[in-house]
Amino acid sequence: MHLLTGFRKPTLDAVKTVKWIPAWGEERITKMIEDRNDWCISRQRTWGVPIPIFYCKECEKEYVTEDSLKKVQEIVKEKGTNAWFDLSEKELMPDGAKCSECGCTEFKKETDIMDVWFDSGSTHESVLAERGLPEADLYLEGSDQYRGWFQSSLLTSIATKGKAPYKEVITHGYTVDEQGRKMSKSIGNGIEPQEVINKYGADIIRLWVLASDYTSDISVSENIMKQVSEVYRKIRNTARYILGNISDFDVNKPVEYKDLQEIDKWALVKLNKLIDDCTKAYDKYEFNGAYRALNQFCVVDMSAFYLDIIKDRLYTSKPDSIERRAAQTTMYEILSSLVRIMAPMTAFTAEEIWKHMPHREGENLESVMLDYYPKVKEEYNNPEIEMKWNKLIKVKDEVSKKLEVARANKEIGLSLEAKVDLFVEGEEYNFLAGKEELLKEIFIVSEVEVHENRRNEDVEVGLGVKVSKAEGEKCERCWCYSTTVGENKVHPTICARCAKNLEV
Ligand SMILES: [Zn+2]
Ligand SMILES: [Zn+2]
């Protein structure tokens, strides 16, 4: 096949209609097509797809007619391509075949085969056209295929249909070891996927693929797998924690959004962000972006903040109280989206969660794979709460550092043993004053006082933090320290708040 000017130009034009990922793919294939002058589609091999041409035994003139092609087609359809080698010329050719040049009726078969790139390059015909599909959404292969499959597919499609057979093309790198070396038997640095699956489960290997930047070579080692399995454990624990705490939640009786607590609304802002980040990352095939977003959400937003803080509300409020159900409503909403986001990442774990979680009417009970991917809910976007809580989180971060120091110095054990004094001024004082109850909850301490001035010895800008031991006794029920423990005659070992929550 000669790439004449008339053929090369439409091919180069078609390259521009395709989205190449990574973007340098476009330049690479353009260059290769510009430099290519011909394509010899036959090969002298003893195996492969035969070329259905006969030659006159006398004068060597080729014999290819519609009838002869049709006959070979029918035979191959029934017996496979090996029939070409097994059957005689007489059996393969139409009855009464005669050379148009010399009238001879004796022929011999072509013995060359098709170039294998021609075979794979024409899959758009057998896979797509056969099913009435105009083109493929995506071709995916290793970075050596600009010379191979991507190119041969493009050329055959331009020749037969005048357009590219795909809308997008993605290339990936190769798997190498931790030091970037190719895996080989002699070095003994190969890692068998099956071994990883047996040891860690198939979801770990999926997660590793997701976490990798596939646009260049991808490292794999025992160490890397361990790190991924650590992240996996955190994601799984987030789901497990929620499942454990919504077991008595009626999904048909959620608390209305307006009645949720601020921190619940904040968690839903973060959930929206997770959905948005993952959707955008998936759309761009930047899977490691989705992995990072999921990791951040489960580890930072949920485990270290939201789920940690609402523990008190879940364990100590009255079971049917609106506060407790608000937390459950929020957690259920989170799990419901989380499991769908996880479905393409950690398919088995997502399916396992789906089987164990309660469902709303209309959801596909059989499999999460058959349900819908979550969408951002506009009503959960709340810039005011987001801004306010971003500030509160910054304060918590400062307080946590001080609590950590006090814990290291053995001044306190659990953070609930602590009292925190905050020293602030100006706008920050106005922001924090009056929020002591909320701050107690956020810091997970027993007492908070906000003072309008700065401690002299503390030079930190805007915020002074003092940690000391909280006053009072430890409440047996909520583990907070309170001077109210002992006041209640019926429940002398618990605090006033808990005593109230135990009232029928
Ligand atoms: Zn002849
Ligand atoms: Zn208590």
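The chain of this predicted model is divided into four parts by the domain assignment: domain 1 takes in 5–41 together with 117–172, domain 2 covers 43–114, domain 3 runs over 247–380, and domain 4 over 394–471. Between the C-alpha centres of domain 3 and domain 4 the distance is 30 Å.

The largest nonpolar core has 78 residues, and the members that touch the most others are Leu-294, Val-339 and Val-420. Because domain 3 (247–380) and domain 4 (394–471) both contribute residues to this core, it lies between the two of them. If one takes Leu-294 and leaves aside its neighbours within four places in sequence, its contacts are Ile-235, Leu-274, Cys-278, Ile-341 and Met-345. Another core, of 17 residues, lies apart from the largest one, and its members include Ile-33, Tyr-146, Phe-150 and Leu-155.

Turning to the strands, an open sheet of 3 strands is arranged in the order E12-E11-E13, and its pairing is mixed. Strand E12 (447–452) and strand E13 (464–469) are the edge strands, each pairing on one side only, and neighbouring strands of the sheet are turned against each other by 20° on average, direction ignored. Strand E11, made of residues 418–424, runs antiparallel to E13 and is joined to it by 6 bridges; in this pairing, Leu-422 stands opposite Val-465 of E13.

Two helices meet this sheet. Helix H16 (residues 383–408) lies across E11 and E13, running at about 40° to E13, while helix H18 (residues 436–443) packs on the sheet and touches E11 and E12, its direction making about 125° with that of E12.

H16 itself can be checked for its length: at 1.5 Å a residue, its 26 residues should span 38 Å, and this agrees with the 37 Å that separates its end C-alpha atoms. Which residues of H16 are buried? They are Trp-389, Leu-392, Val-395, Val-399, Leu-403 and Ala-406. An α-helix has 3.6 residues a turn, so residues three or four places apart point the same way. The cover over the buried residues of H16 includes helix H12 (262–283) as well as E11, H18 and E13. After H16 comes Lys-410, whose phi is positive, near 65°.

Key
Residues numbered from 1 in each chain as written. Chains lettered and ligands numbered in written order. Predicted model: local features only at pLDDT ≥ 70, side-chain atom pairs only at ≥ 80, totals over all residues. Pairing = 2+ DSSP bridges. Helix = DSSP H or I, 4+ residues; strand = E, 2+ residues; numbered from the N terminus. Axes fitted to C-alpha atoms, helices over the stretch in contact; angles between N-to-C directions. Contact = placed C-beta atoms within 7 Å. Expected span 1.5 Å × (residues − 1). Buried ≥ 20, exposed ≤ 12 C-beta atoms within 10 Å, placed from the backbone. Core = buried A, V, L, I, M, F, W, Y, C linked by C-beta atoms within 7 Å. Domains from an automatic or database assignment.
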